[in-house]
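Student: I am new to this structure. Please show me how to read its features.

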Amino acid sequence: MEEIWYTDLSDQELWSRLINGDEGALAFIYDTWFPSLYKYGMKLHADSSRVKDCIHDLFATLWHSRANLSVTDNIRFYLFASLKRNIAKHIRKEGIFSLFGSMGPDNHSHMPSHEQKMIDDQANDERKRKLSRVIEKLPRRQKEILYLRYYEGLSTQETADIMSLSVNSTYVLLSKALNYLRNHSGELMLLIMYWGHQHNSF
């Protein structure tokens, strides 16, 4: 019942409970956002164990420095921005940066029949292969902006803040990425619809 109660809290209320030392709030935030954080982290770094370490470091820091945290009304944005900084620190130490892999998210949608599932799975696999080939040719920053905007569903302002860009620069970068996809792939709108409807599938 305690966890169900946490789901009724707003982000600001939940974050305030964390700041005040509520271990249950920390655990709920971790359980809720770990899948999204892990998938985003794997877009920034190819080492799964290192990404998990960065996530664990992030939550350990949140807990130990909770008295110094400022109140937020958008936990997802705060966690994504913090994880990006953590991974960037590791990357600078290692002197490497792994390019984004395939941007197509896994499909966990319920299918009405076995036959339909087989057909849709084949179509989705082919779609993801085509999109991946096109997306792989994009510069890393353009891959990242597409992931944040259309896969994670962040607003333009949130995306700009995470990527340390102005809103205008974010629009320019996004426009370049979309124009490239429009010119090199006939499935641009399908890409946006696919990401947009999948980001809440965890």
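Tutor: We will go from the overall make-up to a few local features.

Tutor: This is a predicted model, where local features need pLDDT of at least 70, side-chain atom pairs count only at pLDDT 80 or more, and totals for chains, interfaces and linings use all residues. Residues are numbered from 1 along each chain as its sequence is written, and side-chain values use heavy atoms, with hydrogens and water left out.

Student: How many helices and strands are there in the protein?

Tutor: Helices (H or I, at least four residues) and strands (E, at least two) are DSSP runs, numbered from the N terminus. Here there are ten helices and zero strands.

Student: What share of the residues counts as buried?

Tutor: Buried means under 20% relative accessible area, exposed over 50%, and partly exposed in between (1.4 Å probe, protein chains only). Of the 202 residues, 43% count as buried.

Student: Where does helix α3 bend?

Tutor: The bend at a residue is the angle between axes fitted to the seven residues ending there and the seven starting there. Helix α3 spans residues 23-44 and bends by about 50 degrees at W33. A proline, P35, follows within four residues. The buried residues of α3 include F28, I29, F34 and L37.

Student: How do the axes of α7 and α9 cross?

Tutor: Axes are lines fitted to C-alpha atoms, for helices over the stretch in contact, and angles run from 0 to 180 degrees between N-to-C directions. Angles under 35 degrees count as roughly parallel, over 145 as roughly antiparallel, 65 to 115 as roughly perpendicular and the rest as oblique. The axes of α7 (residues 140-151) and α9 (residues 167-184) come within 9 Å and cross at roughly 100 degrees. The two helices are therefore roughly perpendicular to each other. Contact means heavy atoms within 4.5 Å. Among the residues making it are I145 and L146 of α7, and L173 and L174 of α9.
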